[in-house]
Amino acid sequence: MPKLTIDLIARGTSGYTKKKRDESMQQYLRRLTHLYLEDKSIDEVGEDLALCRNLIVLYLYDNQLSKVPVLHHNQSLTHLYLQNNNICKIENLGPLNRLVKLYIGGNNITVVEGLEKLDQLQELHVENQHLPPGEKLLFDPRSLRTLANTLQVLNISGNNLDSVKDLEVLKRLTQMMASDNFLNDMKELAHILGLWPFLWRLELMGNPVCHKAKYRDRIIVMSKHLEMLDGKEISETSRKFLCNWHASKETQKRKRDELLRKGTMMADMTEIHTGTNKDEDVDSAIGGHKDLPPVKGPPKSSSVPGYLMPGLPRKQFDELLAKNNMSDNTVNTTVNNRASKTRSGVLRAKYTDAQGVVHMKPVSSAPVRRHPFMSVSFEVTGGLRNQHIPQQFL
């Protein structure tokens with residue numbers, strides 16, 4: 001692998017910067033501001049680069065560098081391109097306090113660190129790092145605090161990120177590229193976008209969040225000043241329409257919440273004044289009662305089972321009794337001493353005295369029960385056969 005030499009540096013200049021005839025090599029290298037050393041298979045940068053004291057832009061991408069080169073003598077650098085090498089750690093950048101743009105994507109970096117002294121850095125590109133399986137790119141809080149007031153462009157695409165909450169301190173961001181990660185939390189994005197008032201470009205393609213319903217509309221509403229989303233421009237007409245639609249929905253939601261809150265307060269006040277609980281309120285609201293008296297059915301006989309006769313008018317009842325009494329007197333002459341029931345409802349017993357005279361002796365008074373249903377038991381030889389007078393009527 002070649003090492004960076006003076007000859008390689010001299011051939012890495014542009015056609016606009018040529019060595020003069022009467023100019024020494026050191027004078028020529030000191031005069032260089034841009035150096036194009038990309039794709040030269042360089043694996044080590046020696047001390048010869050220190051001769052380029054006025055170097056502003058250095059292209060070292062697509063080489064074989066295993067670490068960030070020592071650039072203590074190149075403090076005028078503002079642009080440094082180190083992408084697609086084999087760099088594992090961000091280091092040796094402390095002296096470059098004028099650095100504005102740092103491109104270091106496509107390496108093996110696992111932690112964004114070592115940027116505490118770069119208080120002029122405006123662009124940081126750390127996309128597509130070759131991370132170990134199952135790991136994601138991490139951010140040193142100290143570096144983020146340094147970049148909070150200066151960083152405007154951040155590219156973190158393809159780094160297995162599932163959250164960007166650590167980046168909320170970067171409140172000066174204008175462009176954010178975070179494609180091909182695992183971002184899925186819309187609420188987190190809403191929170192973060194609310195903290196980035198200057199953001200006008202956002203790239204999120206390739207994240208699970210892009211598959212959520214109305215993803216693009218919701219992102220536009222979240223970020224008031226966004227002009228480009230996923231490579232597509234946002235027109236002012238569509239922004240106004242979506243913002244008005246969102247405001248209308250929020251107004252309706254507030255009204256519903258207010259009505260619900262008032263209803264809850266009224267229910268609580270009613271409960272306090274009446275002493276009822278919520279279950280009773282629900283029962284009253286549906287027109288019911290919690291405890292209703294049981295419905296009384298027909299009385300049941302507690303003694304000898306008898307004939308259950310539905311309630312009849314008094315006249316029909318008396319006629320039925322008279323008919324049964326006539327049948328008793330004409331057909332059965334042997335039951336002289338048995339009780340019978342008269343029309344008055346008084347039980348009487350027949351007996352014959354010593355002179356042979358038949359008498360009717362009242363046995364007990366049994367007033368007629370006036371119920372919708374009544375049980376009457378008596379013995380006749382007519383239409384109701386084999387029925388017996390209950391003991392209580394004797």
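Predicted model: local features only at pLDDT ≥ 70, side-chain atom pairs only at ≥ 80, totals over all residues.
C210 has a relative accessible area of 18%, and because the limit for buried is under 20%, C210 counts as buried. Move on to C52, which is buried too, at 0% relative accessibility. If you are looking for disulfides, the structure holds zero. A disulfide is a covalent bond between the sulfur atoms of two cysteines.

Next, select residues 201-203, which are strand β10, and residues 228-229, which are strand β11. These two strands run parallel and are joined by two bridges. Show the side chains of L202 and L229: L202 stands opposite L229, which belongs to β11.

D230 is buried, with a relative accessibility of 14%.

Another residue to check for backbone geometry is K214. Its phi is also positive, near 55°, and K214 is likewise a residue other than glycine. K214 lies in the loop that runs between β10 and α5, the latter being residues 215-222.

**The tyrosines**

Select Y36, Y59, Y61, Y81 and Y103 together and show their rings. These five form one aromatic cluster. The whole structure contains four aromatic pairs.

Start with Y59 and Y61. How are their rings arranged? The pair is edge-to-face, with 6.2 Å centre to centre and 80° between the planes. Y59 is buried at 18% relative accessibility, while Y61 is partly exposed at 23%.

Y59 is in strand β2 (residues 57-59) and Y81 is in strand β3 (residues 79-81), so select both strands to see where the pair sits. The two residues are 22 residues apart, and the pair links distant parts of the chain. Both Y59 and Y81 are buried.

**A charge over a ring**

Select R172 and F198. The charged end of R172 sits over the ring of F198, at 4.7 Å from the ring centre.

**Salt bridges**

Side chains of opposite charge can pair when their charged atoms come close. The count for this model is seven salt bridges. Three of them are visited below.

Select R11 and D7. What joins their side chains? They meet in a salt bridge, 3.2 Å from N to O. R11 is exposed, with a relative accessible area of 56%, and D7 is partly exposed at 49%.

Go on to R31 and E23. Their closest N and O atoms are 2.9 Å apart, and the two residues form a salt bridge.

The last stop is K136 with D162. This salt bridge has its closest N and O atoms 2.9 Å apart. Show the two loops it connects: K136 is in the loop between β6 (123-125) and β7 (138-139), and D162 is in the loop between β8 (153-155) and β9 (175-177). K136 is partly exposed at 33% relative accessibility, and D162 is partly exposed at 43%.

Definitions and conventions:
Residues numbered from 1 in each chain as written. Heavy atoms only, no water. Pairing = 2+ DSSP bridges. Helix = DSSP H or I, 4+ residues; strand = E, 2+ residues; numbered from the N terminus. Disulfide = S-S within 2.5 Å. Buried < 20%, exposed > 50% of the residue type's maximum accessible area, 1.4 Å probe, protein only. Phe/Tyr/Trp six-rings, centres within 6.5 Å; stacked < 30°, edge-to-face > 60°. Lys NZ or Arg CZ within 6 Å of the ring centre and 35° of its normal. Salt bridge = Lys/Arg side-chain N within 4 Å of Asp/Glu carboxyl O.
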